[in-house]
Amino acid sequence: MHELEYKDLLITVHGDYYRGTSDTWEVPGDSEEFEISRVTVGIEEIDITELCEDCMIEIERLIIEKYYR
């Protein structure tokens, strides 16, 4: 669970982080990624995942930058 201010709204993003793998001589590595399972807002955790469908890639990128780098 990660908190993120996105477009002046404090959201809570639930999901899983995958670190990825390093390149080898034989196989290129996998890139890191964050897969969102749901996005909520407020103390009552109102689910706004469907409203965020168009911005999921940007939110995933921001989560990786804020919490994993």
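The largest nonpolar core of this predicted model has 15 residues, and those with the most contacts inside it are I11, V13, I36, V39, C52 and I59. A nonpolar core is here a set of buried Ala, Val, Leu, Ile, Met, Phe, Trp, Tyr and Cys residues joined through side-chain atoms within 4.5 Å, where buried stands for under 20% relative accessible area, exposed for over 50%, and partly exposed for what lies in between, with a 1.4 Å probe and protein chains only. At least two residues of this core come from each of β1 (2-6), β2 (9-18), β3 (33-41) and α1 (56-67); helices (H or I, at least four residues) and strands (E, at least two) are DSSP runs, numbered from the N terminus. In soluble globular proteins, nonpolar side chains tend to be buried together.

As the model is predicted, local features need pLDDT of at least 70 and side-chain atom pairs count only at pLDDT 80 or more, while totals for chains, interfaces and linings use all residues. Residues are numbered from 1 along each chain as its sequence is written, and side-chain values use heavy atoms, with hydrogens and water left out.

I11, when its neighbours within four places in sequence are left aside, is in contact (heavy atoms within 4.5 Å) with H2, E3, L4, Y6, V39, T40, I48 and I59.

The strands form an open sheet of four, in the order β1-β2-β3-β4 and with antiparallel pairing, two strands being paired if DSSP finds at least two bridges between them. Because β1 and β4 (46-47) stand at the edges with a single partner strand each, one side of each is left without a neighbour in the sheet. Between β2 and β3, which run antiparallel, there are eight bridges, and Y17 stands opposite F34 in β3. The helix α1 packs on the sheet, where it touches β1, β2 and β3, and its direction makes about 120 degrees with that of β1; axes are lines fitted to C-alpha atoms, for helices over the stretch in contact, and angles run from 0 to 180 degrees between N-to-C directions.

The twelve residues of α1 should span 16 Å at 1.5 Å a residue, which agrees with the 16 Å between its end C-alpha atoms, the expected span being 1.5 Å times one less than the number of residues. Within α1, M56, I59, I63 and I64 are buried. These residues cover an arc of only 140 degrees around the axis, so they are on the same side of α1, the arc being that of the directions from the helix axis to the C-beta atoms. The buried residues of α1 pack against β1, β2 and β3.

In strand β2 lies H14, which counts as buried at 13% relative accessibility. Apart from neighbours within four places in sequence, H14 is in contact with M1, F34, E35, I36, S37, R38, T40 and E45.

The loop between β2 and β3 holds S22, which counts as exposed at 63% relative accessibility. From C-alpha to C-alpha, S22 and E32 are 10.0 Å apart in space, and they are ten residues apart in sequence.

Most residues other than glycine have a negative phi, and most peptide bonds are trans.
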